[in-house]
Amino acid sequence: MQSNRNSQTGEQLTRTDAMVNIFKMKVNEKQKQILETLRDYGDYLSGETLSERLGISRVSIWKHIRSLKEDGYVIDASARGYRLVSSPDLMLPYEFPGLEERIHYFSEIGSTMDAARELARKGAKEGTIVIAEVQAHGRGRLSREWFSPKGGIYFTMILRPRINPVYAPRVNLMISIAVAATIKKLFGIKAGLKWPNDVLIEGRKVCGILAEMNAEMDVVNFVNVGIGINANTSIPKFEETATSLKEALGREISRKGFLSVLLGEIEQWQPRLMKDDLLEEWKKFSMTLNREVKVIAPGEEIVGRAIDLDTTGALIIKQSNGSMKKAIAGDCIHLRKKVPETDKGAATFQ
Ligand code: BTN
């Protein structure tokens, strides 16, 4: 048993190290074609036409339709044939046209981070994505657990940026900007960013980001970024530090719609990873800058006012004695309300 904290809610959790059942959802090529055909046609299409187009028997068509219905697709069958009425909100690869080849989809997994690491080590291409509907052992930052029930969005993307490893924290900034931009674009809500990589709505965490890097001294082999979004998950009333999109909006959202926009945002930001406007954009969303903070970093605690980011994405903190300190990683606690942007005075760095 391992005792741990839930990094969304701060709750104390216990977790067994028992083996987890991992099911890979096999994407059936014929089912994908049936869906595409019915979607494009938009009306009843006879079993005979489907069987001719796909080159399989009508009985096989019927079996695939039955299996799609079990997955939640509503397909009306009548004397005129089959008509796709609605699709379930599953993040199946064929819901992301053009990206199917890059997506590894799991209905349930231990952690998408583990699958992505294995794929990256085997040479998976930049942009490979591991998606899960549910994670049995979702991982958060600082060895915490990431509670990953049905209704959330959980995925890990393999990136291979050609940067010096010291700039890797910029990847976190980039992903958090993409998440905040997606929330704004889809729902018109202003999400805030808490250094290093939490996305907040009204001060409560809605998304966490976990990055795992494999690098040599001056070369990054891969950075796997895991993104967990509380989408349609219910958050207990007493919970003050976490929220979900459903709680914030008062309705459920389309997870596949959200993910599709988010992947587009990430793609837009990727070429700008090392550009100055990345830092400027992060600052626009920042809830941390100009605020009193405590950063619990490996081996030390830094308390002071967060005044800026350096080019690597480290947080620059002005301590009460006037000296500056940089936090490269750690847990950042916002101590009190944002203070006006004054007194950014230059001082020495430690
Ligand atoms: C945090 O502690 O804030 C980071 C949470 C990251 C959770 C995501 S969910 C998808 C990916 N798989 C995991 O096991 N963790 C990350």
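## Close-up views of a predicted model

**Figure 1. Helix 1 and helix 3 cross in the predicted model.** The axes of helix 1 (residues 29-41) and helix 3 (residues 58-70) approach within 10 Å and cross at roughly 85 degrees. Axes are lines fitted to C-alpha atoms, for helices over the stretch in contact, and angles between N-to-C directions run from 0 to 180 degrees. Helix 1 and helix 3 are therefore roughly perpendicular to each other; angles under 35 degrees count as roughly parallel, over 145 as roughly antiparallel, 65 to 115 as roughly perpendicular and the rest as oblique. K30, Q31, I34 and L35 of helix 1 meet I61, H64, I65, S67 and L68 of helix 3, where contact requires C-beta atoms, placed from the backbone, to lie within 7 Å. By class, this contact comprises 5 nonpolar, 3 polar and 1 charged residues. Ala, Val, Leu, Ile, Met, Phe, Trp, Tyr, Cys and Pro count as nonpolar, Asp, Glu, Lys and Arg as charged, and the others, Gly among them, as polar. Helices (H or I, at least four residues) and strands (E, at least two) are DSSP runs numbered from the N terminus. Residues are numbered from 1 along each chain as its sequence is written. Because the model is predicted, local features need pLDDT of at least 70 and side-chain atom pairs count only at pLDDT 80 or more, whereas totals for chains, interfaces and linings use all residues.

**Figure 2. Helix 5 packs against helix 7.** The axes of helix 5 (residues 169-187) and helix 7 (residues 255-269) come within 9 Å, with a crossing angle of roughly 130 degrees. Helix 5 is therefore oblique to helix 7. Helix 5 contributes M174, I175, I177, A178, V179, A181, T182, K185 and L186 to the contact, and helix 7 contributes F258, V261, L262, E265, I266 and W269. This contact has 12 nonpolar, 1 polar and 2 charged residues.

**Figure 3. Residues surround the ligand.** The shell holds 21 residues, of which S111, G140, G208, G226 and G228 are the closest; a residue is near a molecule if its C-beta atom, placed from the backbone, lies within 6 Å of it. Helix 4 (112-121), strand 8 (153-159), strand 11 (204-215) and strand 12 (220-229) each give two or more residues to this shell. By class, the shell has 7 nonpolar, 10 polar and 4 charged residues.

**Figure 4. V130 lies in strand 7.** V130 is buried, with 28 other C-beta atoms within 10 Å. A residue is buried if 20 or more other C-beta atoms lie within 10 Å of its own, exposed if 12 or fewer, and partly exposed in between, with C-beta atoms placed from the backbone. Leaving aside residues up to four places away in sequence, V130 touches H104, T112, A115, A116, L119, F155 and T156. The C-alpha atoms of V130 and R117 are 10.0 Å apart, although these residues are separated by 13 residues along the chain.

Figure 5. Most residues other than glycine have a negative phi, and most peptide bonds are trans. A cis peptide bond, with omega about 0 degrees, joins W195 and P196; P196 is in the loop between strand 9 (192-194) and strand 10 (198-201). L142, in the loop between strand 7 (129-135) and strand 8, has a positive phi near 50 degrees. L142 is partly exposed, with 14 other C-beta atoms within 10 Å. N290 has a positive phi of about 65 degrees and is found in the loop between helix 8 (276-285) and strand 13 (291-297).

Terms used
Contact = placed C-beta atoms within 7 Å.
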